[in-house]
Structure formats: structure tokens, C-alpha cells
Amino acid sequence: MIYAGAADPTYLDPALVSDGESFRVTKQIYESLVDFAPGTTRLVPGLAKSWSVAKDGRTYTFNLRGGVRFHDGTAFNAAAVCANFNRWFNFRGPFQDASATYYYQSIFSGFRRNENATLGKPLYQSCRAASPLKAVVKLTRKNGPFVPSLVLSAFAMQSPTAMARWGANQGTIRNGVFAPTGTYAFQHPTGTGPYRLDRWTVGESVILRKNPTYWNKKLPRLARIIIRPISDNTARVQALQTGEVFGMDLLAPQLVATVRGNSRLKVLSRPAFNVAYVTIQSSKPPMNDIRVRRAVAYGLNRQLVVNSFYAGRGQVAHAFMPPSLPGYAKDVVKYSFNPTRARQLLREAGCGPPCKIQFWYPTGVSRPYMPDPKANFEAFKASLEQSG
């Protein structure tokens, strides 16, 4: 199977990345204690067959699968689970930078010894092996999202033996960004998953080979997977059309018709799971006035952008979560495009119109929720100017 991604992975240690291109690869190499049923947000067993929470709401018991081994032959057991939790908890120095442990900080707040004043009190307290296949994790406080959060590849189980051997806990900050200095994250990623790393040639391919000792004997079905980085949306489709690759992700909306028009190709759709948003710096003038922020909400023609750049495959978002996630609410205040109301609010706030603001947008990137950031920006700029 030759598959086209949009870029190389950052690293192959999932605890140290936060990007989808890395997780696309690490999801094949590593597994988490819990997982989602494919295509849903319903929790199902992963490396843990079952789990329970004590009456205190802070103590979780995970009953683990037996007979599972990491790619290097190390046994997967409760001791390995605790080794992973304790590794995250004890990260120090460069590993406490947000560029290294974004997801850990988002979920667990802080480390054993916080070295940055912005870090919070750690959620994690301890882990113990109650038996070889029973791990007990204790938190410092109740936390509803704890178990679902463990689905994230950032919290996948890794071989303690391989991490120690290949310097997984060696890293530095280069040009303000974290970088591993050991070889683990580049050459020796070691999980329990259906595939093992064969080799990674940056700019060319990541090659994965079937794990012959995988615990689920029905999987994997493919002997080898080759993931190629092709950054340009059109070039990925061209590679698909010529048979150079057999599958791809991040199909730009405007290219959907092209693929559908080819009888040898197929578009696979799923419910919306990405949300794109315009963020507002509300602590500085003029955005510290709620009337100006409301004027922006009325002044952005989001429906036009959806219609123009998403080929009928997008919808206007009214909340931070997509409808497929638990907690999604329909009954929120909705802002339709209303330039007249926007101008009225700006006058009330004493900011113009015109009210001068800086509006930044990303360059040199493409995302499934924003395939052409510059086009989105130009459409929003036009509607904001129309709205004062």
C-alpha cells in the first residue's frame, strides 16, 4: 500500500508531537490503552481489555491484555504502563516546552517538578502494578475526560527498554523549538502495533512492515505500507490518478469532482470532525470591547467562504466542537452576516467605522479545514471592510 500524506512526520515518538502527519504513522506503530470504534467517538478496549473508576473518582484500574509484546520483545504489562505514565510525569528541561509535550500539558497540566510558572498542578499522581496485568492509576483530582484522552496517540504505550536504549529522553531546544537528540524518535520507535518501522528517509518515504508477532492474529492484512510526503494538493491527486500512490488524505474540496469523475478512484467521506475558527485577541484594544468583537462576528461572511472554498463539503460552525463530539450544543447564539449591525456596534463602541485592526492568516500550510488560507483571508477581509 503506497499512501500519500502531506508532509513528513515530525518525529516518531508520539509523546513529543502534536501533528496529524506524525500521528498518521505512529498510529500504525503504537497502541493506546483505549481506542475509538472506527469512524466514531465511542470508546472501545485497546491494550486495556476493561477499566473501572473507584468511588473517589480519582483512581482508575486498567485490566490489560495478556500475551502482548513490544516490537523489541519486551513484555507489555502493568509495569510498562506505569513506566510510560511516569516518563511523561517526570519530563524535565526541554521536554517541558509546549513544543515538546503539548498534549500532555493540555490534559495533565503539569509535571512532578514544574520548571515553568505557566504550568499548573499536575493531574497525575501515581501508577502501580497491582498485578502483572492490572495497572492502577491515581489522579490528584476528578477529571471527566481522562479516559477518552488516552485515545490520543500522544499517550500510546512505548517500550521502556527501547526508550532507555535509544535515548528517548534526550532532547534540546533549537531555535525556540524542541528537538530530540537521541535516535529513538527517528530510527527506533517501538510499540505494540500492527506495523514496525522499516526505515524513514526524510523527504522520500516512511516504510512500515507487518508485525509478525502482533497480538490480533486477524491483522494486519498488508505486508508493507509506504507513506510518501507530497505537500501540494494537486500533486497528490495527480499521483493518485497515475497509480503512483493508492490512497491519499486531505483531498482539497475543489478537487473532489476530479476524483469522482475517475471511474478507477473513490472518495470516502465521513462526518465533519474539524473546526476552523477566527480567533480574537480580546485583551488589547479595540478587541477588549465586546461590541467590537460582536461586530466582527456579524461582519464575517462565513457562509460565503463555506460556499466558495469547500465545494459543498463544509458548513458554518456555531461552536468550537463538531456535531459528532459529546457535548456539542445546538442552542448557542448564532451570528449571521449583517454588515449594518456590525457598523452600528462599531459606532456604539467609538471605533470608526472604519475600525482599524490587524488580521493575520497562516501561510505556507494547508489544512483539511483550511485548504487555501489566503483565499479565506481575502474573502473575510472583503466582508470585514464592507462591515466597517
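**Exercise 1.** Work out which residue takes a positive phi in the hairpin of β10 and β11, and describe how the strands around it are paired.

*Solution.* In the hairpin that β10 and β11 form, with 3 residues between the strands, G203 has a positive phi near 85°. The model is a predicted one, in which local features need pLDDT of at least 70, side-chain atom pairs count only at pLDDT 80 or more, and totals for chains, interfaces and linings use all residues. Residues are numbered from 1 along each chain as its sequence is written, and side-chain values use heavy atoms, with hydrogens and water left out.

Next, take the pairing, for which DSSP must find at least two bridges between two strands; strands are DSSP runs of E with at least two residues, helices are runs of H or I with at least four, and both are numbered from the N terminus. β10 pairs with β11 (residues 205-210) in the antiparallel sense over 6 bridges, and Y195 stands opposite K210 in β11. β11 is in turn joined by 4 bridges to β12 (residues 224-229), again antiparallel, where I225 is the bridge partner of L208.

**Exercise 2.** Determine which parts the aromatic pair of F186 and W200 ties together.

*Solution.* Rings of Phe, Tyr and Trp (its six-membered ring) pair if their centres lie within 6.5 Å, and planes under 30 degrees apart count as stacked, over 60 as edge-to-face and the rest as tilted. The whole structure holds 25 aromatic pairs. F186 and W200 form a stacked one, at 6.3 Å centre to centre with 20° between the planes. Because F186 lies in helix α6 (residues 184-187) and W200 in strand β10 (residues 195-201), the pair ties together parts that are 14 residues apart in sequence.
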